[in-house]
Amino acid sequence: ALACARIEPPPGGPPDAAAPRLIATRPDSFARLPDFKGDVEFRFDEVISEGGTPNQGTGTGDLEKLVILSPTTRVPDVTWRRSRITVRPREGWRPNRVYRVELLPGATDLRRNRSTAATVLTFTTGAPLPTTTIEATVVDWTTNRPVPGALVEAVLLPDSLPYRGLADSTGHLKLGPLPDGEYLVRGVLDQNRNMQFDGREAFDTVRLARGKTAAGELWTFVHDTTPPRIREVAVRDSTTASVSLSQDLDPGQRLAATQVTVRILPDSTPIRVTSLLQKPLDDSLHRPAAKRDTTTRDTTAVDTTRRGARRGLVEVEEGRLAGRRGAAQLEPLTSRPPLTDELVLRVPKPWQPDGRYEVEIRGLRTVSGVTGDVRGAMSVKAAAKPDSTRRGADSTRVKGALPGKGAIRGADSLKRRPPKQKS
């Protein structure tokens with residue numbers, strides 16, 4: 001009976017709120033194992049959850065999403081073994097390579113306590129120990145903001161061995177240690193979260209020579225090999241029209257008025273164009289000046305007591321600092337101009353009511369470097385007729401009354417008269 005006894009915590013104790021803790025890895029990090037044939041193992045201090053989505057080799061399983069194995073282009077074989085997670089490449093361990101296995105945050109125990117720390121295990125199967133660390137920041141060029149959790153691939157040349165990692169909350173990543181050599185670094189907006197680069201996803205690449213480790217900012221955008229086309233030409237005001245395109249434009253291209261032709265249909269009579277600019281540039285040149293607020297400060301909402309005034313000032317200061325911190329996190333980068341798929345076209349004379357126009361732009365270049373000519377049509381609506389019911393709506397005013405008194409007298413006439421008192 002004593003041999004079969006087990007020591008367990010007494011019932012009714014406090015619930016376990018601690019996340020599973022990693023206590024050991026196998027093999028040791030920075031080990032050199034020429035004949036390694038086993039599994040990489042992550043051991044925890046308690047039983048972890050297998051997850052509700054099973055691993056099927058497609059990268060969609062709950063445990064498969066937590067493991068990044070490099071260098072390989074296939075989803076690794078990830079196995080749940082109660083308090084252990086084992087990893088091996090599906091093609092087997094290759095000799096003379098540097099392997100990097102990263103376990104991302106997210107391992108949970110049976111009480112749904114989630115780990116928040118990542119672990120990286122690096123070892124070799126005969127290759128020299130790695131010493132290179134590559135740094136990069138991934139930016140979404142459509143918003144000019146860093147991308148948290150973006151995928152970064154460092155492809156070792158000429159063997160094309162991809163080493164992968166995920167950027168932090170600021171879009172920055174230090175990927176290493178990696179073998180010494182020449183790299184093609186690619187930043188990817190991994191929309192389907194499969195930790196693989198797909199051709200239709202936004203990306204940017206930079207080539208690093210041997211000995212270089214700083215990739216800088218990777219400005220991602222969707223690369224398209226087709227020429228641009230017009231989606232819509234719409235009237236903005238009496239002398240301005242907007243041209244919406246199917247792709248983002250090269251922000252470095254400066255368009256001249258001679259590259260666009262506007263014709264009046266059906267006669268095809270050309271009219272003069274004063275400017276054709278990308279929308280961010282046109283907005284900066286024609287943005288109206290902000291009017292200065294000359295109104296007096298409202299002091300009616302301020303608590304005049306000393307304690308209330310101090311509390312109000314503290315709350316205002318805390319809100320200002322919180323807003324500054326939020327603005328710093330969301331502030332767009334300005335090292336490159338923003339992308340846009342819209343042009344603003346301006347003419348010297350107003351558009352004709354009920355007129356139809358044809359717009360042709362030559363030599364338009366997309367952000368992918370593809371140049372083409374585009375053509376579209378625009379219709380101008382006629383001016384709205386005055387509302388004839390407006391005069392009838394004002395018929396309640398008393399004829400001949402002074403301004404402002406007719407409406408009051410009419411409103412008073414609608415009041416009910418008091419009943420006559422009986423004698």
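Analyst: Before any pairing is named, two strands count as paired if DSSP finds at least two bridges between them, and strands (E, at least two residues) and helices (H or I, at least four) are DSSP runs numbered from the N terminus. This is a predicted model, in which local features need pLDDT of at least 70 and side-chain atom pairs count only at pLDDT 80 or more, while totals for chains, interfaces and linings use all residues. Residues are numbered from 1 along each chain as its sequence is written, and side-chain values use heavy atoms, with hydrogens and water left out.

User: Which residue is the bridge partner of Ala234 in strand 18?

Analyst: Ala234 has Ser242 as its bridge partner there. Strand 17 (residues 230–237) and strand 18 pair in the antiparallel sense over six bridges, and a hairpin of two residues joins them.

User: And what does strand 18 do with strand 22?

Analyst: Strand 18 and strand 22 (residues 342–346) run antiparallel and are joined by five bridges, with Ala241 standing opposite Leu345.

User: Is strand 18 mostly covered or open?

Analyst: Mostly covered, since six of its six residues (240–245) are buried, where buried means under 20% relative accessible area with a 1.4 Å probe, protein chains only. In a regular strand the side chains alternate between the two faces of the sheet. Here Thr240, Ser242 and Ser244 are buried on one side, and Ala241, Val243 and Leu245 are buried on the other.

User: Switching topic, how big is the largest pocket?

Analyst: Its volume is about 250 Å³, taken as the space filled by probe spheres set on grid points joined across faces, edges and corners. A pocket is an open set of points on a 1 Å grid over the protein atoms alone, where a 1.4 Å probe fits, with protein on both sides within 12 Å along at least five of seven lines, and lining residues have an atom within 4 Å of a point.

User: What lines it?

Analyst: There are 19 lining residues, and Val98, Ala127, Leu156, Pro179 and Asp180 lie nearest the centre. Strand 11 (151–157) and strand 12 (161–166) each supply at least two residues of the lining.

User: Why does Glu153 count as buried?

Analyst: Glu153, found in strand 11, counts as buried because its relative accessibility is 5%. Its side chain makes a polar contact of 2.7 Å with that of Arg186, a polar contact being a pair of N or O atoms within 3.5 Å, one able to donate a hydrogen and the other to accept it, with residues adjacent in sequence counting only if both atoms are side-chain atoms.

Terms used
Buried < 20%, exposed > 50% of the residue type's maximum accessible area, 1.4 Å probe, protein only.
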